[in-house]
Amino acid sequence: MEQRRVLALASAGSVMVALDALVVAASLTTIRQDLGASIEQLEWTVNAYSLSLATLLVTAAAVGDRWGRRRTFAAGLALFSVASGVCALATSVPMLIAARTVQGVGAAIVMPMAMSLLGAAFPPERRGQAIGVFSGLTGLAVLGGPVIGGAVTEGLAWQWIFWINVPVGCLAIALVFRWIPESTGAARRLDPGGAALITLAVLGVVWGVVRGAVAGWNSPEVIGSFVLGCLLLLGFLAWESRAPQPMVPLAFFRSRAFSAGNAAGFLLTAALFGAVFFLAQFMQAAFGSGPSQAGLRLLPWTATLFLVAPVAGRLVDRIGERPLVVTGLALQAAGMFWISRISGGTVRYAELVPPLIVAGCGVSMAMPATQSATIGALPREAVGIASGVYSMMRQLGGVVGVAVLAAVFAAAGGYASFTAGFSRALAVCGVLSSLGALAGLGIAVRRTTTRPGALVARQEPVEELR
């Protein structure tokens, strides 16, 4: 019973966090009209959350191991819930963006602690099944965000996509202290310097991309942002190479499979988040759909996770990750290019259904395989930190994807010429997905063991990673 309670509460926290990554997608048009937001400001309502979540994941995991996982998990839920309330009360876009940033900090605490609580509650022989349930619910929350957000926005108001987190969070906190025992992990040194450098580096690059269409790509502001971001990124790499316990162990990237898996995950999420950002708005602009109907129109894309992801999970154990990553991202690229081509003029919704299904099948195949390939590329003792690095890279991919696609959209005329900008943005989604498929070719091929019919992922020797 105790294990089920831990699984339920850990999953509830993860679903709240994952849902809020894209729950605003179907509400962006309403938020733009209510608060007078520009495309640049709409980007930051998504990216502020993803950026703070991405760059604090690994640091939060180390804090939780020291301070106590249950206590840290509850603190993350509290911060997330309070920030959600402030989001709902926002009367201006800057206020909403600031609250979304704090909400992302709370999410960065909740996510790794949820996984740590599961690891402490379940023995190794049952841990895989528990993580499977946990990951499945989290994945459904990510892809179901636009549908739920649209229904809440149209049925109540966009503020309620945030208000709903407050009572749920308060109930979860009370149950966490009542049902979950405290646990700690091995004490690890914090790396605040690394966290600060990577945050500022990504912020510099993303700021340049976001401001390029507005301030001009040759403006001192944009060029300075790119230069500063690149210098800070080099500083981050130098810092991490000398840190006693780095946030991102650079030695991990000597494994080709680990590097390829992270690159594929980064590009997959960049295309996915970018597409969600614009597809929900396109459904409203092209067909006059309300937020709820716009979310429902995306179901041919998002609902594939129910059918394809379980099959893909079983196939990973039989044929390995590389075929699924490469094929999945190629299908996602095909779907995005298809939508880009037919959306340039007058289009009927029925014409969008086939490419949405193709793209959805692709991401549902590639997502679990990419994570499995990345984590399986390293020795078992490195799984925890490897999972944190992968999660960080995936979230950063979402930040970059939204920024790049919005820059392309704005350069094509923005909301004054929505269809043209949307078509070009989805073409860039196809390019990002294609690059992800190429990166997936670097993932190690499964090889048979001495047991006939058994397959294992190739792991780099521990010595090579030191």
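So, which helices each supply at least two residues of the lining of the second largest pocket? Before I get there: this is a predicted model, where local features need pLDDT of at least 70, side-chain atom pairs count only at pLDDT 80 or more, and totals for chains, interfaces and linings use all residues. Residues are numbered from 1 along each chain as its sequence is written, and side-chain values use heavy atoms, with hydrogens and water left out.

Okay, the answer: H9 (192-215), H10 (220-242) and H17 (383-411). Helices here are DSSP runs of H or I, at least four residues, numbered from the N terminus. H9 gives the largest share of that lining, five residues.

The pocket has a volume of about 370 Å³. By pocket I mean an open set of points on a 1 Å grid, for a 1.4 Å probe, with protein on both sides within 12 Å along at least five of seven lines; lining residues have an atom within 4 Å of a point. Of the 17 lining residues, Ile198, Val202, Leu233, Met393 and Leu396 are the closest to the centre. By class, that lining is 16 nonpolar, one polar and no charged, with Gly counted as polar.

Now, over to another helix pair. The axes of H15 (321-342) and H18 (418-440) come within 8 Å and cross at roughly 165°, so the two are roughly antiparallel, a label for angles over 145 degrees. The residues of their contact (heavy atoms within 4.5 Å) divide into 14 nonpolar, eight polar and one charged. Among those meeting are Arg322, Leu329 and Phe337 in H15, and Phe422, Cys429 and Gly436 in H18.

Definitions and conventions: Grid points are joined across faces, edges and corners, and a volume is the space filled by probe spheres set on the points. Axes are lines fitted to C-alpha atoms, for helices over the stretch in contact, and angles run from 0 to 180 degrees between N-to-C directions. Angles under 35 degrees count as roughly parallel, over 145 as roughly antiparallel, 65 to 115 as roughly perpendicular and the rest as oblique.
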